[in-house]
Structures are given as structure tokens and as C-alpha cells.
Amino acid sequence: MIIAIASGKGGTGKTTVATNLALAVRDMGYTVQFLDCDVEEPNAHIFLKPKILSQKKVAVSTPSVDKEKCTLCGKCGEVCQFSAITVMGGLVLTFPELCHGCGGCFNSCPEDAISEVGREVGVIERGTASGVKFTHGRLRISEAMSPPLIRAVKRDVNRSDVIVIDAPPGTSCPVIQSVKGSDYVLLVTEPTPFGLNDLKLAVEMVRELGITFGVVVNRAGMGGRMVNGYCDQEGIEIVSEFPDDRRIAEAYSRGRIIIEELPEYRMNFEHLFRDVQAAIRRQKTDDEKTWQRTFNETGGFS
């Protein structure tokens with residue numbers, strides 16, 4: 001089971017929900033993996049305090065052109081959707097910072113003039129945090145492309161465990177890469193105009209990806225019930241609400257775990273996990289019914 005924790009904007013309490021949920025699920029007897037995919041600014045380790053056991057550099061393949069073989073046909077530039085390689089003024093120009101490492105230019109070159117050169121984008125660190133398997137990535141300073149490093153972090157996924165993914169904030173490519181393939185996405189928001197605006201963008205994203213999702217309202221009661229009204233209108237389940245409790249903010253500022261500092265909130269996270277489990281089961285049942293209905297209507301597969 002893969003549960004991704006995301007938010008349309010930063011500062012909503014996404015990492016707080018992710019870290020506390022992981023430890024609460026561990027205490028319920030499950031084997032838990034925690035993947036911090038916010039590789040540009042990972043901070044889950046501040047709260048989980050893992051013991052790092054290994055570190056591995058991550059590189060992407062970028063093109064290197066043999067000018068003696070190159071005929072300047074331009075096919076490499078035609079296939080590249082990110083303008084990482086192009087033919088201009090009798091020269092082949094490469095821009096490694098724009099390269100996504102897809103390999104299209106290597107495969108399209110008729111003269112076999114392009115070879116792969118590794119370019120380091122960051123590191124992955126693995127360890128354990130109070131019985132939770134922990135993995136996070138650290139993007140190299142000045143590096144613009146985080147999706148390759150996020151993909152590398154997600155290679156640690158073991159579907160026999162409960163996997164909690166802490167995604168980056170926003171709705172751009174790194175977030176999509178982080179939540180893709182998840183069974184459920186928890187969208188953490190706050191009851192403010194900015195929170196609601198960015199929640200709407202996040203909802204559009206997960207709907208486009210076709211992933212089951214629900215909303216967690218953090219600091220509930222702080223700015224009215226505008227988020228609740230939107231969710232009611234859109235038929236979106238609010239899975240949990242956490243009050244605007246100063247003690248939570250104080251514990252967060254000290255890098256402490258909420259369910260340890262304020263044990264009365266442990267039940268909130270246990271209920272949250274059970275609700276997510278139930279939602280995933282319902283979705284699987286609905287998918288099976290849809291498949292069976294389609295199978296029956298078409299008379300089986302031809």
C-alpha cells in the first residue's frame with residue numbers, strides 16, 4: 001500500500017502528517033517504509049532522526065557527441081522535447097541541465113555519434129528511524145532536474161510494506177513524479193484563501209492522474225469553513241481535521257513528533273490510516289465491478 005502525502009502549497013503541515021502517520025502505522029504493527037521525495041528540501045529526517053546506513057550517488061545519462069561521426073542531420077534535436085540537444089549554425093549544442101535522460105537522442109542518431117555520459121544529480125541516503133525504513137534524496141546544489149532523483153528514491157518501494165511518501169509541495173513535475181503509482185493521496189491543506197486556491201490545483205492534478213484521494217484540513221477553524229464548503233460541493237472526502245493547536249506548532253518548532261509529545265492525537269492518525277485503508281478497498285472493489293461489467297457487456301475478450 002502506497003500513501004502519498006501532498007499539498008498544493010508549502011507550509012500546510014504535509015511533513016507533520018506524513019511523519020506522524022508513519023510512526024502511528026508502525027505502532028499498529030505494520031512494516032513501514034518512509035520515502036522523502038521532497039529532494040530539493042528534505043526535512044522529514046529532522047523529525048524521524050534516522051540512522052543513515054548507506055549513501056549512493058545518482059546520475060542521469062546525458063549526450064556526448066562525437067563530432068567526427070556527426071553529420072549534423074538534426075534528428076537528435078527533433079526527438080528531444082526539452083531542447084537539451086540541437087543543431088545550430090553547423091554545430092551540435094548540448095545543454096545537460098535540460099536533459100531528462102530519456103535516451104531518445106542516443107536511439108535516434110543514424111550515425112551512432114552520440115554516447116551516454118553520466119551527470120550526477122544528487123545522492124540517496126538510506127537508514128532506519130525507530131523501526132521505520134527510511135529513504136530520502138538530496139538534490140545537488142544548482143541542479144534543476146529533480147524527477148530523476150525522485151525516481152531513484154522510489155525504486156526502494158516494497159509493496160509488501162506500508163509506504164508513506166512525503167511529496168514536494170505544489171503541483172509541478174516533481175510532485176507528479178512523487179505521487180504517481182500511489183494507491184491513495186492525502187492532500188493536506190489549511191482553511192485560508194491561499195490554501196483553498198492551491199488545494200483546487202492539487203485536486204485537479206490527482207483527478208487527472210486518476211488516483212483516489214482525500215483531504216486533511218490542518219489548523220482547522222483558523223480561517224472559517226471555506227475548504228469544507230468546497231469539498232462538500234466537489235464530493236471530496238475530508239479524511240481528518242487537526243485543530244489550530246499552539247502545542248502542535250511548538251512541538252514542530254523543536255523537531256518533535258506530535259504523537260509522542262501530545263499522545264491524545266495518536267488516535268487521530270490511527271483513524272486516518274484506517275479510513276485510507278477503507279477507501280483503497282472501496283476503490284479496488286469498484287474497479288473490479290467496472291472490469292466485470294465491461295467484460296460481460298463486450299462478451300469477453302476476443
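Two residues are in contact when heavy atoms of theirs lie within 4.5 Å. In this predicted model, 73% of the contacts between residues at least 6 apart in sequence join residues at least 24 apart.

The chain has 302 residues, and 48% of them count as buried. Its secondary structure amounts to 11 helices and 11 strands. Overall values for the chain are listed below.

| Property of the chain | Value |
|---|---|
| Span of the C-alpha trace along its principal axes | about 70 × 60 × 40 Å |
| Positive side chains | 35 |
| Negative side chains | 39 |
| Distance between the centres of the two charge sets | 4 Å |

**The sheet**

Nine strands form an open sheet with mixed pairing, in the order β3-β6-β7-β2-β8-β1-β9-β10-β11. Its edges are β3 (51-65) and β11 (238-243), each of which pairs on one side only. From one strand to the next, the twist averages 20 degrees.

**The β11 end and helix α7**

At this end of the sheet, β11 pairs with β10 (residues 213-220) in the parallel sense, over 4 bridges. Within this pairing, V215 stands opposite I238 of β11. Helix α7, residues 193-209, packs on the sheet and touches both β9 (184-189) and β10. The direction of α7 makes about 170 degrees with that of β9.

Technical notes
Residues numbered from 1 in each chain as written. Predicted model: local features only at pLDDT ≥ 70, side-chain atom pairs only at ≥ 80, totals over all residues. Heavy atoms only, no water. Pairing = 2+ DSSP bridges. Helix = DSSP H or I, 4+ residues; strand = E, 2+ residues; numbered from the N terminus. Axes fitted to C-alpha atoms, helices over the stretch in contact; angles between N-to-C directions. Buried < 20%, exposed > 50% of the residue type's maximum accessible area, 1.4 Å probe, protein only. Lys, Arg positive; Asp, Glu negative; His and termini not counted. Charge placed at Lys NZ, Arg CZ, Asp CG, Glu CD.
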